[in-house]
Amino acid sequence: MQNGTDGQPLTKSSGAEVESDQLPPEPQPTKSEVDRMSVAATRSRKKASRAANQTASAAKSVAETKAATKAVLAETERRHPRTALSRAVATADKEAKEAGKAAAAAEQMAVRAAKLASESETAAAQARQTETIAIKAGAKAKGAEIEVAQAERAEMPSMRQVKTAKRRLARLAKQAEAKEAAAEAAAMKVASLASQARAEATAAVEKVKEAERAVKKTELAAHKAQAAVRNGSKQTGRSLSETKATVNRARTETKAAVDDTRASAKAAEKLEAAAAAAHSAAAAKADAERAALRAEEAAEKAARSEAETGKNLKAPELYLNRELTWLEFNKRVLHEASDGRTPLLERVKFLAIVDSNLDEFIMKRIGGLKQQVGAGMHEVTVDGRTPQRQIADSVARVRELQSSARDLFLDLKKQLQKHAISISDYADLLEEEQAGVRAYYLENIFPLVTPLAMDPAHPFPHISNLSLNLLVTLRTHGEMTPIMARVKVPKGGAVPRFIRVGSSNKFVLLEDVMSNNLDVLFPDIEVMTCEVFRVTRNAATEREEDAADDLLEMIESEVRDRKFAAIVRLETMTGIAPMHRGMLAAELGLDEEEDVFESDVMLGMRDLFEIASINIAELRDPDHHPIDNVELEGEQNIFHAIRNKGPFLLHHPFESFNTSVVRFIREACHDPKVMAIKMTLYRTTEGTGIIDYLIEAARNGKQVAVAVELKARFDEAANINWATRLEEAGIHVTYGIVGLKTHSKLVLVIRRDFNGLRRYAHVGTGNYHAGTARLYVDFGLLTCDQKIGADLVEFFNFLTSGCQPFRRYSKILVSPRNMKAGILNKIDREISKNSSRSRGLIRLKTNALEDPDITEALYRASRVGVKIELIVRDTCRLRPGILGLSDNITVISVVGRFLEHTRIYYFQNGGDEEYYIGSADLMLRNLERRAEVIVAVEDELLRERLREYLESQLEDRRNVWEMHSDGTYTQRRPKSGKTEQGCQQAMIDAAERRHHEARRKKLLRPRAIARRMTR
């Protein structure tokens, strides 16, 4: 990139910026360009030596030719003096002498080229040592620079310490400059020697060519001599035959010498080019900007890693596909539906979750890929797949998952029947049961049903997304040609998919009821067939924001467009007439082979949530009631509690969302000392009450600003409604930044305390949504840290103004400003501090690891011995366990009762540990195309809670799956004879223990007893 992550040109940084941006120390010296020059020099020397040996052999062969020719000449002179034969042989002898001289000269040239190549090899080795010394000197100088910056930023700086640090910085910088000059001189020497070696090798090639031409002349003269003596003596003939064989051998060996010497010259050219590149890099290094140097170092690290490991860290085989790893996650979720340790109705819930996830995958991912194919895009992903290849691989995996889900559905039906819960066919009901269901249908559902004919007067109707439909074939009396009609199944809202039979837990599917009561809808008409189908539309209908005059209007239009978006999947019941299947595919614009899915069980198993909600305690997980945060419980004023006892770490759903986060906003609304409230809103719901509190705050005269993300997928319509309500109440509403989704979870409250304005903040990993707060595992931080507050003021100014100058943040990392660079720098720092005595450690918990740069950096860290423990819920591109590359990396995935949604970033940092929490996943979109925030957690007690949480998941043997290098997972099992609880249950128990202990201490606290006054 030419610009920084904040969109501004890259500039040199001061010492203070070094600290604030958390730059890593210089990387440890490793193999570099000079190493590769050394290898090239060695190869050049070996090839030149081999060329010299082969040229010497050619010269020997020519000498043998010369001797044989002399023998033939002597014999010929004795028998046939002054004949044509003697003249021919004399000519051959002369040519052989010339060939011998040329071969000898070529041999000398090749020997000199080999010698110069050997000298350049030695010089390259010396240059490598000099470069290593220069790198170390530079690292020391940068360390001194950081020390100076830290000393200057200290609250009570010692002038003596600052002066000492500056003197040390000046000395080390001077040493580094001298070492860099020495490295540059060494590189120039290598370049000079390489150039000389090339010149000598080129001269050797020319001499060998001369020798080759001389040998050819010798061969021609020998042929003439052979023709002249053909009728001579047998002895002379044998001599000439020997001469020819010798000449042929000389020619072959000389040709080999030519080839090898040419190869030697080519190697010397490469060596010279490498030396020139090294010289250029050394010259540019002194003048390069700091940010540009970081990018150069990253490229060098990749090259060094490739040279050291023999693996190209950008090779497609090292990366897993995003779509396939997400589908692999759903395979793990589906396993929960088959696990006998999971209560039966919870297993039904997991089956519904998988089907809902697959619907979303088809809408978002397959729909988006089909758009790419339609646009003629052929770019491959980091794992080497084109859009069309991703569609094919993903569809195949989806079909496998649906096949497994189908088998599991039939098994769960049998299991449910054992507990008097049945999903029956309408035809299997008793006559009185059918009558009761029919009566319910006619009274409560039939008025909502609308048949739509399909004939020349009625074109094929619009089919809404994820709708369930009946395709009915009809024939009227006296008509031979049948007609067709589409009937939408009106499920959703107050209409259930599963119709209860009587008062029992027996159910029948709504479409089954409708198809068996079509006589009411089509009286006096013969119903020939009734077939069920379902469609899925593309949800990737986003437009270009840059061209939008009104973002709100654009999103509203986009939501409308989604209703009419292209259809990407057709689902039908097994047994549908082939002609009808083909007709539907053609009308919907689908490929019948690729886009049509058949099933012999119910379509749209996401509606099994209705069955999973049946209230039978023994078939469900035990009820979970979140506790109040023990630090906030009993406190009259939440702001006093945060100021005097904070910061607080909130852990949902184990701790109540309503009595912590919602309370924070509610009290901010009512507190007369609160001057302003700023908030980001990605997803919320009516039941949370946050919108009402914000409106009330504005009516109370407080300044309220809300950044509403209109592009939250599938929540666009709801967010438009929230934004409209807020604007009507006079609240400052912004819709984020063009090109960026506002995904951060932040509330900033400005309050006038006794000692002036103070900033109170909540930074979370999850949405401000009371419903998901009971289902998702998330962390939140309540703090009044002034530096965090100042950082968030800067961030909100960015959100509301859209302007991002060179903002400095001290305790938060912001995407796209500095989060990705900050995480990469922390990984590099862990590499630099790793040693045999103190092994580095990185722990990352995130929903997804998709960013290729982060993946590559983790590979580099593992290669040098840093221990890396990743807890990744779903998508993970990285392959753990590759020998020599990622064998220091473990990847686990937690699948349990609650959806894992926390993001935690931990770096050991040589003992000076760092923890961050926030909303950002390690995905390209989060790090570069979203407004995200992660915040440092510095309180030791809060860090200990984060550490316990991470270790409980890393040690879990109930809810954890371990990833293998091929992308597959294996579920951990308890040790033989043991029944272990999962990490999520452990968190429930830990929260209840904290609550019980707090209550016990409260009861034991002595109370003052007032003496009764008597008269």
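Modeller: Start with a proline: Pro816 sits in the loop that runs between β18 (812-815) and α22 (819-833). The model is a predicted one, and the peptide bond leading from Ser815 into Pro816 is cis, with omega near 5°.

Colleague: Which other peptide bond is cis, and where does its proline lie?

Modeller: The bond from Gly646 to Pro647 is cis, again with omega near 5°. Pro647 belongs to the loop between α17 (638-645) and β10 (648-652).

Colleague: How confident is the predictor in the chain?

Modeller: The mean pLDDT is 81, and 70% of the residues reach 70 or more. On a scale from 0 to 100, residues 1-31 stay under 50, although the model has 81 contacts for them beyond four places in sequence. Residues 231-237 also stay under 50, with seven such contacts.

Colleague: What makes up the chain as a whole?

Modeller: The chain has 26 helices and 27 strands. Of its 1015 residues, 52% count as buried. Among contacts with a separation of 6 or more, 76% are between residues 24 or more positions apart.

Colleague: Why is Thr855 called buried?

Modeller: Its relative accessible area is 0%, and buried means under 20%, so Thr855 is buried. Thr855 is part of helix α23 (residues 852-863). Leaving aside residues up to four places away in sequence, Thr855 touches Tyr319, Leu849, Arg877 and Leu878.

Colleague: Why is Ile133 called partly exposed?

Modeller: Ile133 has a relative accessible area of 43%. Buried would need under 20% and exposed over 50%, so Ile133 falls in between and is partly exposed. Ile133 is in helix α3 (residues 84-153).

Colleague: What is said of phi at Ala420, and why is Ala420 called exposed?

Modeller: Phi of Ala420 is positive, about 60°, although Ala420 is not a glycine. Its relative accessible area is 59%, and the exposed class begins over 50%, so Ala420 is exposed. Ala420 lies in the loop between α9 (387-417) and β1 (422-424).

Colleague: Why does Asp524 count as exposed?

Modeller: The relative accessible area of Asp524 is 70%, and the cut-off is over 50%, so Asp524 is exposed. Asp524 is placed in the loop between α12 (518-521) and β7 (526-537). Its phi is near 60°, which is positive in a residue other than glycine.

Colleague: Where is the kink in helix α18, and which residues of α18 are buried?

Modeller: Helix α18 (residues 658-670) has a kink of about 35°, centred on Phe664. Phe664 is itself among the buried residues of α18, as are Arg663, Glu667 and Cys669.

Colleague: Which residues touch the most other members of the largest nonpolar core?

Modeller: The core has 84 residues, and those touching the most other members are Leu351, Leu608, Ile611, Ile827, Leu858 and Leu870. Helix α8 (residues 344-374) gives the largest share of this core, twelve residues. Leu870 touches residues including Leu844, Leu858, Ile889 and Val891, with those up to four places away in sequence not counted.

Colleague: What is known of a second core?

Modeller: A second, separate core has 48 residues, among them Ala676, Ile788, Ile917 and Leu942.

Key. Residues numbered from 1 in each chain as written. Predicted model: local features only at pLDDT ≥ 70, side-chain atom pairs only at ≥ 80, totals over all residues. Heavy atoms only, no water. Helix = DSSP H or I, 4+ residues; strand = E, 2+ residues; numbered from the N terminus. Buried < 20%, exposed > 50% of the residue type's maximum accessible area, 1.4 Å probe, protein only. Contact = heavy atoms within 4.5 Å. Core = buried A, V, L, I, M, F, W, Y, C linked by side-chain atoms within 4.5 Å. Bend = angle between axes of the 7 residues up to and from the residue.
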